[in-house]
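These are my notebook entries on one model. I set down what I looked up, entry by entry.

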Amino acid sequence: MLGDPVKARGLGHAAREQATAWPQGIGRDVAIATAEWIEGEGAYRANDVAAAAPLITGALLVAKQVAPQSKLYADLLLSRARLHRVKGQPQQALADLQQAYNISTKLRDPRNQAKALQNIGSIYQDAQDYNRSIYYYQTAEELFSLDPALSLPANNNIANAYLNLGRLREAQTAYGRSLQLANKMHSPLLSAQILTNVADLAIERHNYPAAAAAISAGLKLTNQPAAASWRPLLLGAQAKLDFARRQPAAAVRDLQAVFAGAANATTDQSFSTVHLTAYRVYKAVGDNARALEHLEDFRRMDEEGRTLAASTNAALMTARFDFANQNARIATLKSGQLRRDVALTRL
């Protein structure tokens with residue numbers, strides 16, 4: 001699922017076709033829902049959210065009817081929470097994650113508990129509340145650290161949060177742990193993604209040889225089909241490095257390669273820093289028209305990020321307010337029950 005989500009999606013689809021031929025019954029329902037979850041999760045990880053949503057939603061409805069306290073239902077809640085997050089619905093995502101965490105606690109499933117906490121950390125990262133994001137990721141790591149597939153994104157996101165807080169030394173340490181885990185998992189795509197982060201951090205610290213080494217290693221990995229989609233972002237890091245080294249002509253060539261091979265570069269949030277680099281490079285070489293285009297793209301994405309942070313913060317405040325009200329109602333009910341118990345005892 002992590003190394004080749006497209007293949008995982010196909011296997012999930014094949015499993016669903018097999019399960020559909022089974023005799024009617026709960027076993028068949030659970031098998032189909034499980035296969036739909038796998039297929040939907042694969043589609044989500046392959047950036048096909050439109051295909052993932054109906055699969056996850058349909059499987060969730062079935063699991064809620066036939067296995068409402070199962071690991072499958074918790075897994076599906078985790079998947080739907082990520083879909084909510086992508087759609088800009090943090091409050092609904094948080095509700096699913098809290099429910100998934102509670103089910104996993106009852107099942108004594110620390111791995112799924114950790115996944116829920118990590119996803120809550122991601123929501124706080126969207127809200128640009130980096131300290132709280134780090135807290136949830138670190139808590140998840142303390143709860144369950146036996147699976148590299150969980151430890152890797154936790155360390156990578158902790159590093160991103162440290163980077164946003166300006167704590168560069170701690171970010172470097174966390175990126176180093178992430179890269180070790182990615183290499184251990186033999187995932188060229190994950191290794192390429194983390195090497196891009198390592199390169200960006202090295203450029204920020206003016207350690208240009210380390211940045212060049214990270215980019216070179218990442219570009220070699222993108223020669224493999226599983227990591228080919230990440231090549232434009234590594235070329236964007238190369239442009240940033242060349243510009244930092246005062247080589248604007250080389251940076252222009254890098255950027256031409258970036259946007260020639262990335263059809264969605266103007267809309268994908270991951271290209272935000274690349275657009276900022278492009279603005280600086282084209283402005284430096286006197287191509288003001290192209291510089292303006294990239295500045296507008298960067299500003300649009302930056303505004304989208306700020307809007308997301310503001311709406312996520314508002315949703316989290318509402319969720320906390322609702323949670324406080326719920327606790328107050330529970331306390332009132334318990335108080336009423338206690339009075340009835342006392343009256344019954346006296347009677």
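**Entry 1: loop residues**

I looked up Arg-108 and found a relative accessible area of 76%, so Arg-108 is exposed (exposed means over 50%, buried under 20% and partly exposed in between, with a 1.4 Å probe and protein chains only). Arg-108 sits in the loop that links helix H5 (90–106) to helix H6 (110–126). Although Arg-108 is not a glycine, its phi is positive, at about 55°.

I note that this is a predicted model, in which local features need pLDDT of at least 70 and side-chain atom pairs count only at pLDDT 80 or more, while totals for chains, interfaces and linings use all residues. Residues are numbered from 1 along each chain as its sequence is written, and side-chain values use heavy atoms, with hydrogens and water left out.

I then turned to His-186, in the loop between H9 and H10. His-186 also is not a glycine and has a positive phi of about 55°. Its relative accessibility is 70%, so I count His-186 as exposed.

**Entry 2: H9 and H10**

How do the axes of H9 and H10 cross? I found that the axes of helix H9 (residues 168–184) and helix H10 (residues 188–204) come within 9 Å and cross at roughly 160°. Axes here are lines fitted to C-alpha atoms, for helices over the stretch in contact, with angles from 0 to 180 degrees between N-to-C directions. H9 is therefore roughly antiparallel to H10 (the term applies to angles over 145 degrees).

For contact (heavy atoms within 4.5 Å), I listed residues of H9 including Leu-168, Tyr-175 and Leu-179, which meet residues of H10, among them Leu-190, Ile-194 and Leu-201. By class, the contact of H9 with H10 holds ten nonpolar, five polar and no charged residues (nonpolar: Ala, Val, Leu, Ile, Met, Phe, Trp, Tyr, Cys and Pro; charged: Asp, Glu, Lys and Arg; polar: the others, Gly among them).

**Entry 3: H12**

I checked the length of helix H12 (residues 231–244): its 14 residues should span 20 Å at 1.5 Å a residue, and its end C-alpha atoms are 20 Å apart, which agrees. Eleven of the 14 residues of H12 are buried, so the rest of the structure largely encloses H12. Among the buried residues of H12 are Pro-232, Gly-236, Lys-240 and Asp-242. The buried residues of H12 pack against H10, helix H11 (208–221), helix H13 (248–260) and helix H14 (272–284). Just after H12, I found Arg-246 with a positive phi of about 65°.

Definitions and conventions
Helix = DSSP H or I, 4+ residues; strand = E, 2+ residues; numbered from the N terminus. Parallel < 35°, antiparallel > 145°, perpendicular 65-115°, else oblique. Expected span 1.5 Å × (residues − 1).
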